[in-house]
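Subject: Structure handover

Hello,

The structure you asked about is below. Notes on what was found in it follow.

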Amino acid sequence: MSCSLSNSNQLPFFSKRVSTNLLFPNFTTSSLQLDSDKPCRRRLRALLSIPEIPPNALRRKNDPLWRGGFSLGVDLGLSRSGVALSKGFTVRPLTVLELRGQKLELRLLEIAENEEVDEFIIGLPKSWDGKETPQSNKVRSVAGRFAVLAAHRGWRVYLQDEHGTSTEATNRMIDMGLNKSTRQKKVDAYAAVMVLERYFSTFGEGTELVLPKQSDLQEKLRRGPPADIDFYPE
């Protein structure tokens with residue numbers, strides 16, 4: 001079997017799960033075991049396994065004294081996208097953006113800049129049995145383009161299973177006593193809250209790092225954004 005990665009030239013990004021199918025169309029994720037002894041598969045593992053770029057939730061688990069690194073949760077929609085923010089161990093709904101395409105991506109970058117965020121947790125739609133849906137492909141496409149923009153600033157993009165978060169968001173708002181009109185306006189933002197809470201409750205395990213293929217951007221992700229002097233005073 002050839003180990004050529006020539007097909008990857010058409011891809012702006014990699015993701016731990018999706019890239020196995022994109023780089024090797026004849027394999028499914030289940031058939032391509034990343035811990036195989038075959039040289040080609042070891043090469044793929046080396047390419048996609050980035051232990052030096054852990055999500056913030058895992059950093060906190062491994063080092064309770066670790067400081068810095070705020071997280072933005074995003075619930076992508078066709079016309080509305082919910083945004084939530086985590087600073088430390090608290091998560092709160094931030095806003096609902098009625099934007100699409102480049103305008104949405106630029107607005108997310110602006111919010112991240114203002115809120116001192118260094119990672120984005122984007123909800124990935126899945127069915128009740130854990131399988132991906134047609135909407136999953138759309139989210140992966142948006143996340144891939146956005147990850148390239150974010151990487152220029154040293155910011156990371158992860159995908160998190162979001163199955164059931166809209167229902168959880170509605171139930172949360174009902175428990176809070178919010179009326180139907182308010183719930184309809186804020187459900188996307190609260191769905192983003194659920195995505196972030198699920199991410200932190202599992203310490204980031206099971207998330208997918210969306211990795212730009214450009215080596216210079218990968219190096220920026222390894223270095224991370226410039227240290228915040230509020231957290232790391234000289």
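Two strands are taken to pair if DSSP finds at least two bridges between them. Strands (E, at least two residues) and helices (H or I, at least four) are DSSP runs, numbered from the N terminus.

This is a predicted model, in which local features need pLDDT of at least 70, side-chain atom pairs count only at pLDDT 80 or more, and totals for chains, interfaces and linings use all residues. Residues are numbered from 1 along each chain as its sequence is written, and side-chain values use heavy atoms, with hydrogens and water left out.

Strand β3 covers residues 81-87. On one side, β3 runs antiparallel to β2 (residues 70-75), with 5 bridges between them; Val74 stands opposite Val83 there. A hairpin of 5 residues connects β2 to β3. Strand β4 (residues 90-97) is also antiparallel to β3, through 7 bridges, and Ala84 faces Pro93 in β4. The β3-β4 hairpin has 2 residues between the strands, and Gly88 in it has a positive phi near 85 degrees. Of the 7 residues in β3, 6 are buried (under 20% relative accessible area; exposed is over 50%, partly exposed in between; 1.4 Å probe, protein chains only).

Helix α6 spans residues 165-175, and Thr165, Ala169 and Met173 are buried in it. Seen down the axis of α6, its buried residues fall within an arc of 75 degrees, so they line one face of the helix (the arc is that of the directions from the helix axis to the C-beta atoms). These buried residues pack against α7 (180-201), where contact means heavy atoms within 4.5 Å. Thr167 and Asp175 are exposed, on the face of α6 turned away from its buried side. After α6 comes Gly177, with a positive phi near 85 degrees.

Regards
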